[in-house]
Number of protein chains: 2
Amino acid sequence: MKKLINEPEDVVDEMLDGMVAAYPDRLRRLDDAEVLVRKDAPIDGKVGIVSGGGSGHEPTHGGYIGEGMLDGAAAGEVFTSPTADQLESMIEACDGGEGVLCVVKNYEGDVMNFDTAAEMAEMQDVEVSQVVVNDDVAVQDSLYTTGRRGVAGTILVHKAAGAKAADGADLEEVTRVAEKVVDNVGTMGMALTSCITPDKGEPTFDLGADEIELGIGIHGEPGTERTEKASADEITEHLTEQVLEDLELDDGQEVLTIVNGMGGTPLMELFVVNNRLQELMDEHGLETWDAWVGDYMTSLDMEGASITVCALDDELKELLLAPADTPGLTVTE
Amino acid sequence: MKKLINEPEDVVDEMLDGMVAAYPDRLRRLDDAEVLVRKDAPIDGKVGIVSGGGSGHEPTHGGYIGEGMLDGAAAGEVFTSPTADQLESMIEACDGGEGVLCVVKNYEGDVMNFDTAAEMAEMQDVEVSQVVVNDDVAVQDSLYTTGRRGVAGTILVHKAAGAKAADGADLEEVTRVAEKVVDNVGTMGMALTSCITPDKGEPTFDLGADEIELGIGIHGEPGTERTEKASADEITEHLTEQVLEDLELDDGQEVLTIVNGMGGTPLMELFVVNNRLQELMDEHGLETWDAWVGDYMTSLDMEGASITVCALDDELKELLLAPADTPGLTVTE
């Protein structure tokens with residue numbers, strides 16, 4: 001294993017300090033916790049939006065802290081849920097008196113710990129609401145989940161809920177729009193290579209030199225199919241068909257698409273995928289309202305990509321267009 | 001080789017179409033050319049800013065097209081200079097009557113073809129000026145250069161010159177600030193792994209499982225030293241010392257730093273590097289005015305990073321703070 005790290009057990013700690021060192025005017029770290037929050041958190045009178053999960057998916061989630069998106073993000077060890085204690089500290093630090101929405105990716109550890117943290121925070125009189133994101137259409141249950149996994153579509157939940165909260169909506173309304181995104185988004189991913197965790201130092205799974213894995217999760221969980229390597233167009237077609245089959249969209253539906261890199265994929269290749277993806281949207285009579293291409297939800301150094309499609313209505317478009325100013329995503333007026 | 005591509009010879013063409021498909025309101029592609037320009041180019045009365053070079057360094061350069069940065073970017077084949085004809089088409093397409101500044105990374109092919117293109121454009125009565133960026137402190141001459149190589153510091157030239165042009169300055173003034181950045185910026189990089197070009201399909205150079213290469217270029221050109229793998233802190237210290245030795249900054253000097261990923265490096269690791277980098281700035285009595293962390297100037301799928309330090313004065317700070325709205329870099333007011 002060759003990585004730009006020091007001791008594997010320090011990587012999350014040093015990463016968080018390195019993030020604060022990069023954005024000292026925007027982020028601060030809670031004392032003795034693997035939690036980042038907006039420098040000005042809590043924002044009085046605004047619903048707080050928080051998320052969290054295992055590390056290794058950067059810029060998810062800490063990179064989405066800022067105006068118009070998250071107030072806080074908890075970083076567990078690599079591919080490991082943050083503890084309930086850490087999550088509770090985050091929830092309390094982000095409560096400006098109007099309650100806090102927790103955006104949770106559907107993994108058993110995350111869901112359990114967020115549940116416990118919410119109960120603990122409620123005992124401190126913080127109103128807490130929760131949305132579980134499960135956009136991965138590849139598998140029903142999986143290694144770490146009951147039900148579908150939460151993957152790149154989560155960023156759209158951060159964006160829509162964050163915009164609604166910035167606009168002064170109450171916890172119920174913010175939760176409603178977060179759920180609307182969850183109801184309208186689907187994602188499917190694939191890997192050319194396995195990721196290598198700092199701790200283990202070897203590939204999480206073995207893929208032959210001519211093999212790829214379709215339907216992969218963001219921790220190297222098994223996908224739906226291991227197959228021979230294929231062209232970018234063939235892969236894009238397969239992923240897109242699966243997502244569209246799940247979403248069952250009407251002709252002319254406006255959508256936002258994401259071509260998401262898994263961490264080790266050159267941007268060049270993501271644009272090649274987007275080229276075919278936008279042709280496919282046309283062929284299916286769908287209208288791309290916005291197309292994102294980049295590394296939004298990664299798996300360490302994994303090479304591969306996922307495709308996300310989210311059906312939009314006027315409300316979601318307005319929320320996605322609203323200003324956001326975070327290290328990982330900026331939307332200007 | 002496993003890559004998300006179709007035929008290797010189509011990768012640049014499909015990438016460019018995929019970029020336009022992602023940003024159809026911002027970018028357009030010149031007919032029959034591997035050149036992207038601002039959708040609204042040429043901008044009447046504004047000095048045009050253009051750049052270009054071999055592909056494989058994305059988001060460089062096409063990703064920096066937009067308000068406050070570039071008007072156009074030419075994309076050669078992977079790691080190969082664009083032709084003079086393509087560069088000339090770009091220069092003419094970006095001339096709004098006030099002339100065009102070409103920002104050229106110092107590689108022999110690029111410099112030669114930009115020179116020829118400038119002569120051709122001048123025959124069409126376009127005023128052309130040129131700045132050659134050579135921020136890589138690692139080597140004096142190299143495989144593809146006479147003199148030092150141009151690497152990640154180039155993005156700061158795009159930003160400063162772009163802001164000056166957006167402010168209505170004339171070609172001479174825009175050129176002056178571009179040269180000021182070149183005079184004040186230094187970069188040094190390292191690789192954990194080689195990149196693999198689509199064409200060749202194998203690593204450009206061999207690095208043992210326990211080896212790293214310091215002072216590497218962005219095409220896998222040899223660096224200054226092949227050494228045993230080291231910790232992120234040790235690597236960061238080595239790169240930073242080399243850059244600072246070259247720049248010879250005064251105590252208290254304000255700087256902008258960049259931790260740049262080479263394409264295959266997880267963001268997590270770049271933040272670990274930034275953590276030590278900012279400590280080193282402190283230890284050297286330097287003041288970090290802004291710290292960038294991300295993939296700005298890549299080498300396909302290479303794992304590794306470069307560190308850039310740029311000394312700032314009030315003029316450069318103002319130009320770097322000015323709004324920019326491009327796919328690869330957004331600065332809000």
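Q: What should I know about the model before starting?
A: This is a predicted model, in which local features need pLDDT of at least 70 and side-chain atom pairs count only at pLDDT 80 or more, while totals for chains, interfaces and linings use all residues. Residues are numbered from 1 along each chain as its sequence is written, chains are lettered from A and ligands numbered from 1 in the order in which they are written, and side-chain values use heavy atoms, with hydrogens and water left out.

Q: How many helices and strands does chain A have?
A: Chain A has 8 helices and 14 strands. Helices (H or I, at least four residues) and strands (E, at least two) are DSSP runs, numbered from the N terminus.

Q: And why is it called as compact as a globular protein of that length?
A: The radius of gyration of chain A is 19 Å, close to the 20 Å from the globule rule for 333 residues, so chain A is as compact as a globular protein of that length. The radius is taken over C-alpha atoms, and the rule is 2.2 Å times the number of residues to the power 0.38.

Q: What does the C-alpha trace span?
A: Along its principal axes, the C-alpha trace of chain A spans about 55 × 50 × 35 Å.

Q: How much of chain A is buried?
A: Buried residues account for 64% of its 333 residues. Buried means under 20% relative accessible area, exposed over 50%, and partly exposed in between (1.4 Å probe, protein chains only).

Q: Changing topic, where is there a cis peptide bond in chain A?
A: One joins Ala41(A) and Pro42(A), with omega about -5 degrees. Pro42(A) is found in the loop between strand 2 (35-38) and strand 3 (48-55) of chain A.

Q: What about chain B?
A: There, a cis peptide bond joins Thr60(B) and His61(B), again with omega about -5 degrees. His61(B) sits in the loop between strand 3 (48-55) and strand 4 (72-78) of chain B.

Q: Why mention such details?
A: Most residues other than glycine have a negative phi, and most peptide bonds are trans.

Q: Which phi does Asp125(B) have, and is the residue buried or exposed?
A: Its phi is near 65 degrees, a positive value in a residue other than glycine. Asp125(B) lies in the loop between helix 3 (108-123) and strand 6 (128-133) of chain B, and is exposed, with a relative accessible area of 71%.

Q: And Leu300(B), buried or exposed?
A: Leu300(B) counts as buried, at 2% relative accessibility. Its phi is near 55 degrees, also positive.
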